[in-house]
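This report describes helix packing and aromatic contacts in the structure shown below. The model is predicted.

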Amino acid sequence: WDVCIEMVIWDGRWRVKPFPGMQQMFGDIFARLSAAVPDDVELGFHLCYGDLDAKHFIEPQDATKMTELANLIVDSVNRPIAFIHMPVPIDRDDDAFFAPLEGLRLKEGTELFLGLVHAKDGVAGTNKRVAAANRHVAQFGIATECGMARARTPALVEELLRIHAAVAAGD
């Protein structure tokens, strides 16, 4: 589930601002729509900051707002959640970005995926972001920031897959 509009509103810096009753309204929406997904279908959430011309509408300042919204989703949804995915900007390999993840309250069976993989800085940049994230969250998978489609070309998708494989192999 691509949670974009809710994410950028929750963040509070986009053109549509947070509003009274927003937490209850979003929680109710997550609960109601998740309940409509058949039990035999995995449910996952991508906390999205938008994609206009391969750029976010706004960049996350750190993982605070994503952690808050992920916790609201987990608290609101009454069925298993397979994963939560959070984007990580290419220039964020610092503790200040990842420290809010220490407050993440995922239920057993829910995997966290962090969008640490960027083609522009490859394996070295991904490993720097992995090291920073490891200082604040015990377990997570790696992913691209906003999915493979954002790469836009077959060559870029191949490069992203190569980076994933190299990082997973410990290169």
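## Packing of α2 and α3

Helix α2 passes helix α3 in a right-handed crossing. The two helices, α2 spanning residues 22-35 and α3 spanning residues 64-76, pack at an angle of about 55° with their axes 8 Å apart. Because angles of 65 to 115 degrees are needed to count as roughly perpendicular and angles under 35 as roughly parallel, α2 is oblique to α3.

On the α2 side, the contact is made by Q23, F26, G27, F30 and A31, and on the α3 side by L69, L72, I73 and S76.

## Packing of α5 and α6

Helix α5 (residues 122-134) and helix α6 (residues 154-168) have axes that come within 9 Å and cross at roughly 55°. The helices α5 and α6 are therefore oblique to each other, and their crossing is right-handed.

Helix α5 contributes G122, V123, T126, N127 and V130 to the contact, while α6 contributes R162, I163, A166 and V167. Five residues of the contact of α5 with α6 are nonpolar, three are polar and one is charged.

## Aromatic pairs

Eight aromatic pairs are present in the structure. In the pair F97 and F98, the ring centres lie 5.1 Å apart and the planes stand at 75°, so the pair is edge-to-face. Both F97 and F98 are buried.

One aromatic cluster is formed by W1, W10, F19, F26, F30 and F45. Of these cluster members, F26 and F30 also belong to the contact of α2 with α3.

Notes: Residues numbered from 1 in each chain as written. Predicted model: local features only at pLDDT ≥ 70, side-chain atom pairs only at ≥ 80, totals over all residues. Heavy atoms only, no water. Axes fitted to C-alpha atoms, helices over the stretch in contact; angles between N-to-C directions. Helix = DSSP H or I, 4+ residues; strand = E, 2+ residues; numbered from the N terminus. Parallel < 35°, antiparallel > 145°, perpendicular 65-115°, else oblique. Left-handed = near helix turned anticlockwise from the far one by under 90°. Contact = heavy atoms within 4.5 Å. Nonpolar A, V, L, I, M, F, W, Y, C, P; charged D, E, K, R; others polar. Phe/Tyr/Trp six-rings, centres within 6.5 Å; stacked < 30°, edge-to-face > 60°. Buried < 20%, exposed > 50% of the residue type's maximum accessible area, 1.4 Å probe, protein only.
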